[in-house]
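Q: Please take a close look at the aromatic pairs of this model and at the helices and core around them. A connected account would be appreciated.

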Amino acid sequence: MRAALVGYSSSEEEDEGEEGGCRGDGAQEPPRASPGRPRLPVPAGLPGDPDPEEAVSDDSSRHGGRIRGFPHERGSWATHVYLPYTVQEEFLELLELLLSRARTYVSSLAAMEQFHLSLSQCVVLRYHWIDPFVRCLRERLATFHRFFCVADQVKVYTNQNKTRTFIGLEVSTGHFQLLELVSEVDRVLEEFDLPTFYKDIVDGFEDSALLLRVQWEQICCKSGNKYFSFPLR
């Protein structure tokens, strides 16, 4: 696995549970309507309901070119675990250098507004799974300490669906700690029967040696419009 500092995020956030009785996880769901009796309308504004604009909009131009990787389904929340990166002056200088050179080949290349290092791919959680998922993550990650990473190689990455290409920095120093974190996140994903992290998503690379030193102090999880933070010791 290669880890890279990248700039992308998910855009889906949905709501409402499925029909049925009582699930194995203890969540009580609304009963089915009896034959011949009309179903009562579901009240608006329940926890997990999307904004009306989010519910109907699937225009990739409004989300930085992102294309939905799974069908829109009410009650399913796009979820992603990552290390957030706070931009420093040295990084901005590096970003300008990369953009000026890369735009000679791809004029439409754009800088991202936020940057992070992924510990999971984007997965789909049912709304009532979010809290147990976050609790499990918190327990798994509680013993990890803060650590440094050095990113010293420019890489070109492509997402799983081959719909977006982006430039990132490959991590060398601190790679072992990242693999340990990914391993723990993968175990949580497996408990919820979700896909684990990519093994390798690198398509090619540039032969440029650059240096960026980063100290990681917290891990974050974004699920729909909810954000959770897990400070490292």
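A: **Aromatic pairs and their surroundings**

The structure, which is a predicted model, holds seven aromatic pairs. In one of them, Trp77 and Tyr127, the ring centres lie 5.3 Å apart and the planes meet at 45°, so the pair is tilted. This pair joins distant parts of the chain, its two members being 50 residues apart. Trp77 belongs to strand 2 (residues 76-85), while Tyr127 sits in the loop between strand 4 (123-126) and helix 3 (130-141). Tyr127, at 27% relative accessibility, counts as partly exposed.

Ring pairs also link Tyr85, Phe91, Phe115 and Trp216 into a cluster. Another kind of ring contact involves a charge: Arg213 lies over the face of Phe148, at 3.9 Å from the ring centre.

Trp216 leads from the ring cluster to the largest nonpolar core, which has 44 residues. Within this core, the residues that touch the most other members are Leu83, Leu119, Phe133, Leu137, Trp216 and Ile219.

Helix 3 has 12 residues and reaches 16 Å from its first C-alpha to its last, close to the 16 Å expected at 1.5 Å a residue.

Helix 4 (residues 175-191) has 17 residues, which should span 24 Å at 1.5 Å a residue; its end C-alpha atoms are 25 Å apart, which agrees. Its buried residues are Leu178, Leu181, Val182, Glu184, Val185, Asp186, Val188 and Leu189. Just after helix 4, Asp193 takes a positive phi of about 60°.

Phe91, a member of the ring cluster, is among the buried residues of helix 2, as are Leu94, Leu95, Leu98, Leu99 and Ala102. Seen down the axis of helix 2, the buried residues fall within an arc of 135°, so they line one face of the helix. On the other side of helix 2, Glu89, Glu93, Glu96 and Arg101 are exposed. The helix comprises residues 89-102, and its 14 residues reach 20 Å from the first C-alpha to the last, close to the 20 Å expected at 1.5 Å a residue.

Beyond helix 2, Ala110 is placed in the loop between that helix and strand 3 (115-118). Ala110 has a relative accessible area of 53% and is therefore exposed. Not counting residues up to four places away in sequence, Ala110 touches Leu99 and Arg103. The C-alpha atoms of Ala110 and Phe166 are separated by 9.2 Å, although these residues are 56 apart along the chain.

Methods:
Residues are numbered from 1 along each chain as its sequence is written. This is a predicted model: local features need pLDDT of at least 70, side-chain atom pairs count only at pLDDT 80 or more; totals for chains, interfaces and linings use all residues. Side-chain values use heavy atoms; hydrogens and water are left out. Rings of Phe, Tyr and Trp (its six-membered ring) pair if their centres lie within 6.5 Å; planes under 30 degrees apart count as stacked, over 60 as edge-to-face and the rest as tilted. Helices (H or I, at least four residues) and strands (E, at least two) are DSSP runs, numbered from the N terminus. Buried means under 20% relative accessible area, exposed over 50%, partly exposed in between (1.4 Å probe, protein chains only). A charge sits over a ring if NZ of Lys or CZ of Arg is within 6 Å of the ring centre and within 35 degrees of the ring normal. A nonpolar core is a set of buried Ala, Val, Leu, Ile, Met, Phe, Trp, Tyr and Cys residues joined through side-chain atoms within 4.5 Å. The expected span of a helix is 1.5 Å times one less than its number of residues. The arc is that of the directions from the helix axis to the C-beta atoms. Contact means heavy atoms within 4.5 Å.
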